[in-house]
Protein chains: 2
Amino acid sequence: MIEVKLIGTSGMIPLPDRFLSSCLISYNGNSILIDCGEATQIALKKAKVSLSKIDAILITHLHGDHVLGLPGLLSSIGNAGRQKPINIYGPIGIYKALEGLLYTVGYIPYELMVIEMEENIEHRFDIIGIDVKAISLEHWISCFGYSFILNLKPRFLPDKAKELNVPVSMWQKLHNGESVKVGSKIIVPEMVLGEKREPLKITYCTDTRPIDNIINFAKDSNLFICEGMYGDEDKKEDAISKKHMTFSEAASLARKANVKRLWLTHFSPSMPNPEDYIKIAQNIFKNTEIGSDFLCTVIK
Amino acid sequence: MIEVKLIGTSGMIPLPDRFLSSCLISYNGNSILIDCGEATQIALKKAKVSLSKIDAILITHLHGDHVLGLPGLLSSIGNAGRQKPINIYGPIGIYKALEGLLYTVGYIPYELMVIEMEENIEHRFDIIGIDVKAISLEHWISCFGYSFILNLKPRFLPDKAKELNVPVSMWQKLHNGESVKVGSKIIVPEMVLGEKREPLKITYCTDTRPIDNIINFAKDSNLFICEGMYGDEDKKEDAISKKHMTFSEAASLARKANVKRLWLTHFSPSMPNPEDYIKIAQNIFKNTEIGSDFLCTVIK
C-alpha cells in the first residue's frame, strides 16, 4: 500500500491558509517528496511528517513556487540528523539552481545526489521500491509529470503449497518468482501463487496545459493528482495564456485516462474557495475531489 | 512616530507557530524590513502588512534563516505591482547570495539596489527619512546590528509667531530651520520653536554574542530588540559556543545601555515557551518583554 498526502495546494504564492503545492508519497516507511516551495518544511511539520523519512525529492520544474523551499528543508533535514544521501530529481538546470539556493546554507551532513532529466524523453527510476516515471509536460520551462507504479506480487497460496508438500522454508523463494525442487518434483511459482494483480498507480501533473500525452501517462491510475489553477470557466483564457488548466480541463483528462479518482491542486491565489467550482469538474468526471493541505489517502 | 512590528521571533528554523525572526519599521507610510527568512512573506500577509509599502530590506547576515525568504518576497512584491526600486542592505556577499537565490525567480518588475557593507566599519544611511546606522556584531560570519534614529524637530509655537507678526506662509520655513525677514526684522527659528526634543531610537541586534559595542550602539534607545536564543541559564555554554546570547545577557546589555524597553526575539526551537524564563531577564532589566510574532508598538 502507498500513502499519498498533499502537503500544499497553492499555486504561485504561499498563503497564510494554503501552502504551496507539494505531495508526499510514502511506502514501506520511506517517502518521496514532490516539489518544495517556500514554507514546505513548515507544512511538513504541520502534517507531522518525519523529515528523516524523506529519501528523494522530485522537482516538477524550476519555478520559484516549486523549489524555493529546498535550501531550508535540506538544511532542516540535516539538523534532524540525517546521514543517508538524498536524491533530487528534476529538469536540467536543477544542479545550478541548487548551488545558488544553497549559497547561504551551511554544511549539509549528508550527500545530495542530483539527477538532471532531459526534456521530451521518458525517464524511469526505482525509488524506495516504487517504479517512478517522468514525462515532459507543457509549461513555460521544462516541466515533468510523475507517475508512481507499485507492482504487486500475486498472493502466495499456503493451501496449494501444503498440498504439494512444499516446506515452509521454500515459500519465500516461490513468492519471489523462483522455482524450487521438492523431492524429484520441480515446483514453479505459478503452482502456488494467486492471480496476477493490477499494479497500484498514482500520477501527479503540474504545471501544464492539458496535453494528450498526459492521458496515456495517467492511464488507469488509482489516483490522478492534477493541477486545477482555475475553477471558473471564464478563466480559460488565463489558463491558456499562463500555461495552466481549468478544473474542467483536468476533469476531461481524468475521464479520458480512465482513472479511479481525481484530486485537484495548485489553485490560483485569486480563488479562495476552490470548492465553489467542484460541480464543474464533477459533471465531467464524477470522482473529482478538491485537494486541500494535508488531504491523505492510502492506495491499496 | 515610528511603528515597530515583529514579523517573526524564531531562530534557525521556521516553526508552525513561530515565524523566523524579522521586524518591520514603519514611518510616514513607508517601511523597512529587517531580515527575511523562509516564509517571512506569509508572516507579512498574516500581519496584514502591505507588501508595496516595503522600501528597503536590511539583512543582518547571510545565514539561511535570515535570507531564504528573499526570492519569494521580492517576487511577490513584483506580483503586487511595485515599480519603484527596493534597496537591500547587507554584508559583503549579499549580491552573490541574491544572484543564487533569484536564479529560479522570473522577471522582477522593479529595480533592486544592493548595498554591500564592509565589516567593522560603522555605516550610516538615510532610509525613508530615518537615520539608520549599522555596526558589526560578533557571530560566525559578518553580521550587522541596526539602529534607527528619528530626529524630531522642536515644536512650532504659533503664539510666539503671532506675537512677532510672522505671516502663516512663513511658518513652515521657520519650522524647517530657516530664518525669515518680517518687515525689517530678521526672525530666527529659535524665536518661534520649542525646546530641543530627544530623538526616537530603536535598536535591533541579532545574531550575536553580547559584545560591549552594543551598549554604546543601543544607548538610550526607546526600544531595544535583542536576540535571546536561550532563556535557561544552563544553556549559557550553548549560547557561547553557537555565538548567541541568553536572556540574562541581553537584559544586561539593556540595563547598561539605559534603554527604555527590551524586546527579546530569535528564540531557539528547543524553547517552546520563552515566557517561562522572563523573570530571569526582568530581574536584571525590569522592562523586558518576550517578543512574539506580530507584537507591535508605536514609538512617539
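Two residues are in contact if their C-beta atoms, placed from the backbone, lie within 7 Å. Helices (H or I, at least four residues) and strands (E, at least two) are DSSP runs, numbered from the N terminus. The model is predicted, and local features need pLDDT of at least 70, side-chain atom pairs count only at pLDDT 80 or more, while totals for chains, interfaces and linings use all residues. Residues are numbered from 1 along each chain as its sequence is written, and chains are lettered from A and ligands numbered from 1 in the order in which they are written.

Start with helix H9 of chain A, residues 247–256. Seven of the ten residues in H9(A) are buried, so that the helix is mostly covered; a residue is buried if 20 or more other C-beta atoms, placed from the backbone, lie within 10 Å of its own, exposed if 12 or fewer, and partly exposed in between. Among the buried residues are A:Phe247, A:Glu249, A:Ala250 and A:Ala254. The buried residues of H9(A) pack against helix H7 (213–218), helix H8 (236–241) and helix H10 (278–282), and against strands E13 (223–227), E14 (262–265) and E15 of chain A. After H9(A) comes A:Asn258, with a positive phi near 55°.

A:Ala250 and A:Ala254 also belong to the largest nonpolar core, which has 154 residues, and are among those with the most contacts inside it. Such a core is a set of buried Ala, Val, Leu, Ile, Met, Phe, Trp, Tyr and Cys residues joined through C-beta atoms within 7 Å. B:Ala250 is likewise listed among the residues with the most contacts in the core. Neighbours within four places in sequence left aside, the contacts of B:Ala250 include B:Pro210, B:Met245, B:Leu262 and B:Ala281.

Next come the sheets. Strands of a sheet pair through backbone hydrogen bonds, either parallel or antiparallel. Here two strands pair if DSSP finds at least two bridges between them. One open sheet of chain A has seven strands in the order E7-E8-E9-E12-E13-E14-E15, with mixed pairing. Strands E7 (123–127) and E15 (288–290) of chain A stand at its edges with a single partner strand each, so one side of each has no neighbour in the sheet. Within this sheet, E8 (residues 130–136) and E9 (residues 144–150) of chain A pair in the antiparallel sense over six bridges, and A:Ser136 has A:Phe144 in E9(A) as its bridge partner.

Another open sheet of seven strands in chain A has the order E6-E5-E4-E3-E2-E1-E16, again with mixed pairing. Its edges are E6 (112–117) and E16 (296–299) of chain A, each with a single partner strand, so one side of each is left without a neighbour in the sheet. In chain A, strands E3 (residues 30–34) and E4 (residues 54–58) run parallel and are joined by four bridges. The bridge partner of A:Ser31 in E4(A) is A:Ile54.

How do the chains meet? Contacts link 28 residues of chain A to 28 residues of chain B. On chain A, helices H1 (40–46), H2 (64–67), H3 (70–79) and H4 (94–101) each supply at least two residues of the side that touches chain B. Since 100% of the interface residues of chain A are also interface residues in chain B, the copies meet through the same surface.
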